[in-house]
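Here is a short tour for anyone who likes to check geometry by eye. Keep your viewer open while you read.

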Amino acid sequence: MPLQALTDLQEMQILHNLSLQLISEDNIQVFYEALLAAAIALTHADAGSVQMLDKNTQTLLLLSTQGFSSRMTAHFARVQATSHTPCGIALATGMRAFVDFDDPDIADDDGSFKMHLEAGYLSAQSTPLLARSGEAIGMFSTHWRTHYRPNERELQSLDLLARQAADLIERADAQTALRKSEEKYRSLFESIDAGFCVVELLFDDQQTPIDYRFLEVNPAFESQTGLHDAVGKWARDLVPGLESHWFETYGNVALTGESARFENSSDPMQRSFDVYAFRVGAAAERRVAILFNEISERKRREAITAFLAEVSDDFSRLTKPDEIMQVVGAKIGKFLNLTRCHFIEVDDITHTAVITHDWHLKGLLDISGSQIYRIADFFSDELYRAARAGDMVVIHNALSDPRISAPENVLALDICAFILVPIIKDGHWRFVVSISNPVPREWRPDEIELMRELAARIWLRLERARAEETARQIEQRRLMAIEAAGIGDWDFNPGTGDIYWSPRMYELHGLPNGIKITLDMIVSLAHPDDGPLVLEAHNQAMTGANGGKYIGHYRVTHPDGQVHWLESHGDVVFEKRSGQRIPVRVMGTVMDITARKQVEGIELDRRVLAEALRDTAEELGSTLKLQDVLEHALRSAHELIRFDAGYIVLSAQDVMTHFQGEALISREEQMLTQWHRQHGTLSELPLYQLGNQRRKVILINDARQLKQTLPLRSLKALFLLPIATAKDIFGYMVLINRTHNDFGETDIAALQAFAYQLTTAINNAQLFVQAQELAALKERQQFARDLHDAVSQTLFTASLMTESLPKLWRQRSNEIPELLIDINRLIRGAQAEMRTLLLELRPANLETTPLKRLLEQLIDALRGRKHTDIVLMFEGEPVLPQPVHMVVYRIAQEALNNITKHAHADKAWVMVRGDKGFLELLIQDNGAGFALDEAKTGLGLQMMRERAHEIDALLNVDSRIGEGTRVRLQWPKGSQG
Amino acid sequence: MTMNSNIIRVAIVDDNDMIRFGMSISLDVYEDIEIVGEARNGRQAIELCQRLKPDVLLIDLIMPEMDGVTAIRHIRKAQPEVRCVALTSFDEASLIQSALAAGALSYLIKNLSLEALATAIRDAHAGKGTLAPEAEEALDDDALLHTPHAPLVPGGTTGVG
């Protein structure tokens, strides 16, 4: 650029333009060039340069030149800052330096002066660029071809320029540095696993933090918090219910600038965090940067460990099994935020389970109790097997899980999701600890793990508690029983032979208190029949048989001569020594059972008797046939008493009607039968007289009396059982014994009870016979009547008509043919009726006569009674099963009967169509008809319908008053044939 | 042949069509007997008598809707001039007694000959009751009412007269 004289205004312009340029220019290089140009213009220089200091190397870098040859540019590219060149001096002093290159007093160490001179420059100045701190950051120099010194004004301009440039450069540097650091910072936060965000706090008038907004978040933010698209959103919107401590803490950081490092959790977010929060930007910006890690998992683990420790405490504190289950159940429920926790006892032989304990939230259904559930009702086979093998069962949703056999059963217990830990002991599935939720729930791995841990511990503790409780109970009971029942207590040491007896023991054995007892003594005290047996039992138990337990019964005689029955219970205690089970102690009790023995005897008899009577009742009640009853009765009597022979005689009006013997030799039976008949009326016989008087079982075992009873020899005892009610005598049962007469009250009582049963049975049998006879009689009477009625009427009419013939022949002979036809009809009708009725008497014939024949017969009979024009149309050869054949006949019979009695029809049709396994019957008349809805009786419609139903046939009865009736039967139902 | 100058007007009541027909046809051969009407049950019988006022009513006893005995009782009150002749298959003493007590003049069993039937009708018209031998026996066994009657001539097969 050519040197020009500049006016003030121009200079100002230059400076102003430069400023503008510097401010707007991003490219620092352009700036340097503009700076240089301005400097040269302001100082009317011929050349110049701009150098910036590289702090790290303490070298000045030549960044812009004007008027330099390439050689010079290269030479001055890098200049040591400490050099004695004017630049170096300016830099070191921070003040402008002037130099004349041809000044002989200044050393030219590096030949730079010479270079300048050679380039034609005689003088130069260097103005340092100073940062606000006073530190030199660079310089610019201008060169003249003459020995030029700028005037005051030029120097002022230069200073101004230097100031501006320095500021601008500093600012540009700062900006660059800032950008660089920001890039660095950004790349860091993008890559870390920890969450990072910057938020802007919002305060109210009282400087209380209300909310904060996410300005930026790193990629890890979302996975750490679970919040999507947080940027730009307010925390309260993103996490409703966010705890106030978050706002307070961050608010504090924003206001005070004090960073905060803490751990805390958020319930709405269901997470815990490890947080470092610090203020960024200006205080007024209220921005806080938050660096955090989600530590929920860790927290949970810690919680679980703490929980397990707590449960262990409970275990050691509580002793009763119920308590343990209740308390622990509640704790588990609360800890895992469940509605229900329960314990189940399993019987894997019957595959059933009982819910023994159920902790649940208030207000829910209690599912514990004695209800026995079948496991198959809930689990599929596969699941059952898995549980049986000890695998945990984790069900998230019973409704959709195929392993549940019947989801509705599970839901009925208020359970939808559950974890079930089976406890297997000794190869059997014994127990379950289970938690459940009434709605589906995704069980977390740590929850499942917790249950596994807990279940095992609970079971162990429970077992122990139960054992302890049982042991306590046993001991208590033992003591109580001993006290209450006057039981004697004893203790035997096999090793030493020492025996301890409680005072009661001495009493029981009738011995003075306190004397030394040995095993031999006891054996010799006992009845010689009993002692050895008890000893044997004791020895057996000592070897471990029967679990080391035994019971012995023995008699002892007290000093007063009374015999007492004693019962001794022994329990051997074993210890394992060098691999063997050694009996180390035998504990036992003894009690007096004399009274019991007596009662037992009686009880036994009574029981046997009751059973015998029950059997006889069954036997007797099983038949109504008189003959069978009599036979059964005699057989049954054997169950009640031992007798050698016996008989039953039945009578009507005091005369024998039946005789049934048992174990009598034929001669005896004959004789007895005759003897009974001889006497005509039974009450004449003294034996029966006695029976009639007493009406109760009588035992005769006096020899003299016996002689007067029966004509039988060598009777030792005789039982007479009158078979009678208060009103009637049906007969007698007599049981005799020839070998002994050792009977007593019990036998009599037994037979009395039996006699009642027998009376009832015989009465029933006789009533039955009567009823049958009566029924048969009635039936025959009815037949007779029907026969008489139908046939005789018809024949009577025929005879009248026949009788009139001769007269008619004389009067109106042309009417005779028709009359004869009518007479024929009547006679044929009568014949048909006869045949029908005879068939009724012999049903077998009814079954074998073909249907067509039967229908013809019925129709003939109808024709015989009425002037109805009746036609039979029979198509096909029906082959019908027996029941169907009968039903079709009956229905046809009934329908035709109705036509005969009620229809007053002059025309009727009977149409049959049939084949193998198919039949259609249609009977129609044009008579009076009847009203279907007026359930008329006497038309046999009910019978017809029932019969049709029996063979699954379709029956239609259609009738209209004045138009006639139609009966249609179709078998089978629905067939078209 | 004994002939009455009057024609006896007879009505027949029986639930069996063929019997009515048969009797009607057969009695028709007698010139002194005219069949004026038929009925098939007691109710119809009462109506018939009201309407036609027959001389003699031949009436069956066992019929549906209303039996003969009940009908006889009614008719004896309403139309006492009508002579009721019970004509039935049954010879139970109780039935006989009921019929007679109800006002039947004669009790005939349906096995008598045409001639005997005609005679009984004529007798009844004349006011003379007839009791069939079987009925008599039955009553004898019961030993109750006796009404004077003419012993029945054992029916011949071809009564001429």
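**The interface**

Please bear in mind throughout that this is a predicted model. Between the two chains, 24 residues of chain A are in contact with 30 residues of chain B. The size of an interface is often given as the accessible area lost when the parts come together. For chain A and chain B the buried area is about 2,400 Å², and carbon and sulfur atoms give 60% of that. On the chain A side, the residues that lose the most area to chain B are Gln793(A), Phe796(A) and Glu803(A), which together make up 25% of what that side buries.

Polar links are there to inspect as well. Eight residue pairs are in polar contact between chain A and chain B, with both residues at pLDDT 80 or more. The elements that give two or more residues to the chain A side are helix 23 (745-811), helix 24 (816-841) and helix 26 (851-865) of chain A. Helix 23 of chain A supplies the largest share, 14 residues.

Moving along chain A, five strands form an open sheet of mixed pairing, in the order 28-29-30-32-31. Its edges are strand 28 (869-875) and strand 31 (954-960) of chain A, each of which pairs on one side only. From one strand to the next, the twist averages 5°. Strand 28 and strand 29 (residues 907-915) of chain A run parallel and are joined by seven bridges. Within this pairing, Phe874(A) has Val912(A) in strand 29 of chain A as its bridge partner. Helix 27 (residues 882-903) of chain A packs on the sheet and touches strands 28, 29, 30 (918-925), 31 and 32 (964-971) of chain A. The direction of helix 27 makes about 5° with that of strand 30 of chain A.

**Backbone geometry to check**

Most residues other than glycine have a negative phi, and most peptide bonds are trans.

| Site | Backbone value |
|---|---|
| Trp971(A) to Pro972(A), cis peptide bond | omega near -5° |
| Asp414(A), not a glycine | positive phi of about 75° |

Pro972(A) lies in the segment after strand 32 of chain A. Asp414(A) sits in the loop between helix 13 (407-412) and strand 16 (417-425) of chain A.

Note on methods
Residues numbered from 1 in each chain as written. Chains lettered and ligands numbered in written order. Predicted model: local features only at pLDDT ≥ 70, side-chain atom pairs only at ≥ 80, totals over all residues. Heavy atoms only, no water. Contact = heavy atoms within 4.5 Å. Buried area = accessible area lost by both parts, 1.4 Å probe. Polar contact = N/O pair within 3.5 Å; in protein donor to acceptor, adjacent residues only side chain to side chain. Helix = DSSP H or I, 4+ residues; strand = E, 2+ residues; numbered from the N terminus. Pairing = 2+ DSSP bridges. Axes fitted to C-alpha atoms, helices over the stretch in contact; angles between N-to-C directions.
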